[in-house]
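I opened my notebook to look at how the pieces of this structure pack. My entries follow.

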Amino acid sequence: MRVPILKQGEYLIASIQSALTDQELSQLKDDLLDHAGRTRARGVVVDVTVLDVMDSFAARTLRSLAHMLDLLGAATVVVGIQPEVAFAMVQLGLTLEGVSTALDLEEGLAFLQAKAA
Amino acid sequence: MSSKPKPLPQPPPESTAALLRELVAHLRENRIQLREEWVRRITESKLLTAMTREEIFAEATSVYDNYVEVLETGSVEALQTYARNLSERIIPRGVETHEVVGIVLLLRDVLARSLFRKYQGDFELLNRVLDAYEPAANRIANTVAVSFVEERERTIRLQQEAIRELSTPVLQVRERMLILPIIGVLDSQRARQLTEQLLRGIRANRAKVVVIDITGVPSVDSTAANHLVQTVEASRLMGARVIVTGLSSEVAQTLVTIGVELGKINAVGDLQSGMEEAERLLGYRVILEESAA
């Protein structure tokens with residue numbers, strides 16, 4: 001299933017609805033880069049609230065996605081990492097360095113707005 | 001014990017049991033003297049300094065009687081129970097393991113000496129008596145030492161549980177700002193529990209800034225420091241910034257010396273500055289009203 005990408009003003013919101021395979025993740029990355037380029041988005045929110053596990057592939061994909069979007073002029077913020085997921089991630093050494101994070105969608109959008117201001 | 005040793009002409013005892021019976025009779029007979037001798041040697045060796053002479057005497061009497069009983073019956077259960085009770089009484093007073101082992105070994109020696117004196121005319125018999133006595137005596141020493149150590153470990157376990165249960169509160173002091181005062185040793189298990197609590201607190205209170213105060217952490221080694229780094233990073237993944245406060249100068253020195261990577265940690269001197277920094281990050285301004293002062 002493709003992850004729906006919603007446009008909200010100058011921002012794009014990718015709301016992950018279920019656990020993703022590696023292929024779907026790569027697809028999401030391609031879609032987001034494509035959308036961001038076409039819509040000239042200022043920021044992207046990736047909502048991972050429903051994920052109850054984040055493996056090294058997912059972490060790496062999100063990191064490279066953030067860096068690529070940065071090159072396209074869009075800030076990226078990953079939102080909704082759950083406590084258990086966060087704890088497991090640091091234990092595995094997956095700290096999403098250089099990627100902004102926020103508590104939830106609302107916080108993520110506020111963060112992007114504050115950054116634009 | 002007779003002051004002038006005289007080898008008693010005795011029929012050679014048939015078995016170990018018979019020898020032990022004889023032994024027990026001898027120890028009962030000379031109870032008062034042997035016990036005094038023992039207490040004298042305990043005091044001389046400067047053992048059980050935490051206890052008064054009367055207490056030592058009272059305990060020595062009980063231990064002596066238990067000791068003889070074990071030699072008689074061969075069952076250590078009563079002694080075990082007694083040793084456990086004794087440990088329970090004396091551990092809080094700071095009696096050390098070496099003292100407990102020391103006094104039991106002293107008793108063994110005192111009794112062995114008295115046997116030497118009693119049987120010195122008959123070397124063969126002495127040998128057999130010692131053959132019967134030594135295993136039993138060693139078993140007793142073993143039982144008392146093990147009971148003491150077990151009791152100590154039980155105490156330590158209980159204390160550890162108590163410390164663990166002293167839950168670390170995650171407190172909200174301003175809208176979207178949490179404080180986590182850590183008191184006590186930061187071991188792996190506790191760090192894990194603490195991090196989980198904090199992360200749940202971040203979600204529940206929608207916190208943006210967390211102040212972790214480690215004034216109450218006595219020492220920070222590389223393990224504890226790494227736990228701290230993990231807590232900070234996990235909080236960041238949930239979108240909260242962490243300010244660590246209360247690093248003492250010793251702790252700071254240790255951390256730099258052992259080379260922990262604390263670059264990702266935002267550290268501030270004391271809790272007050274930490275809270276002020278957090279307020280600044282959240283956009284609060286605290287104003288002191290002139291009239292209130």
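Which residues in H1(B) meet which residues in H3(B)? I started there, keeping in mind that this is a predicted model. On the H1(B) side I listed Leu20(B), Leu23(B), Val24(B), Leu27(B) and Arg28(B). On the H3(B) side they meet Val68(B), Leu71(B) and Glu72(B). I sorted this contact by class and got six nonpolar, no polar and two charged residues.

**Entry: geometry of that pair.** I looked up the axes next. H1(B) covers residues 16-29, and its axis comes within 9 Å of that of H3(B). The two cross at roughly 160°. Angles over 145 degrees count as roughly antiparallel, so H1(B) is roughly antiparallel to H3(B). I noted the crossing of H1(B) and H3(B) as left-handed.

**Entry: H3(B) and its other partner.** I moved along chain B. H3(B) spans residues 53-73, and H4(B) spans residues 77-90. They pack at an angle of about 160°, with their axes 9 Å apart. That makes H3(B) roughly antiparallel to H4(B). The crossing of H3(B) and H4(B) is left-handed. From H3(B), I wrote down Glu59(B), Ser62(B), Asn66(B), Glu69(B) and Val70(B). They meet Ala78(B), Leu79(B), Tyr82(B) and Leu86(B) in H4(B). By class, I found five nonpolar, two polar and two charged residues in this contact.

**Entry: the sheet in chain A.** Then I turned to chain A. I found an open sheet of five strands there, in the order S1-S2-S3-S4-S5, with mixed pairing. Its edge strands are S1(A), residues 5-8, and S5(A), and each pairs on one side only. From one strand to the next, the twist averages 25°. I checked one pair more carefully. S2(A), residues 11-15, and S3(A), residues 43-47, pair in the parallel sense over five bridges. Tyr11(A) has Gly43(A) in S3(A) as its bridge partner. I also looked for a helix on the sheet. H4(A), residues 105-116, packs on it and touches S2, S3, S4 and S5 of chain A. The direction of H4(A) makes about 160° with that of S4(A), residues 75-79.

**Entry: where the chains touch.** How many residues of chain A are in contact with chain B? I got 13, in contact with 13 residues of chain B. H3(A), residues 83-92, and S5(A), residues 100-102, each supply at least two residues of the chain A side. H3(A) gives the most, with five residues. By class, the chain A side divides into ten nonpolar, two polar and one charged.

Conventions
Residues numbered from 1 in each chain as written. Chains lettered and ligands numbered in written order. Predicted model: local features only at pLDDT ≥ 70, side-chain atom pairs only at ≥ 80, totals over all residues. Axes fitted to C-alpha atoms, helices over the stretch in contact; angles between N-to-C directions. Helix = DSSP H or I, 4+ residues; strand = E, 2+ residues; numbered from the N terminus. Parallel < 35°, antiparallel > 145°, perpendicular 65-115°, else oblique. Left-handed = near helix turned anticlockwise from the far one by under 90°. Contact = placed C-beta atoms within 7 Å. Nonpolar A, V, L, I, M, F, W, Y, C, P; charged D, E, K, R; others polar. Pairing = 2+ DSSP bridges.
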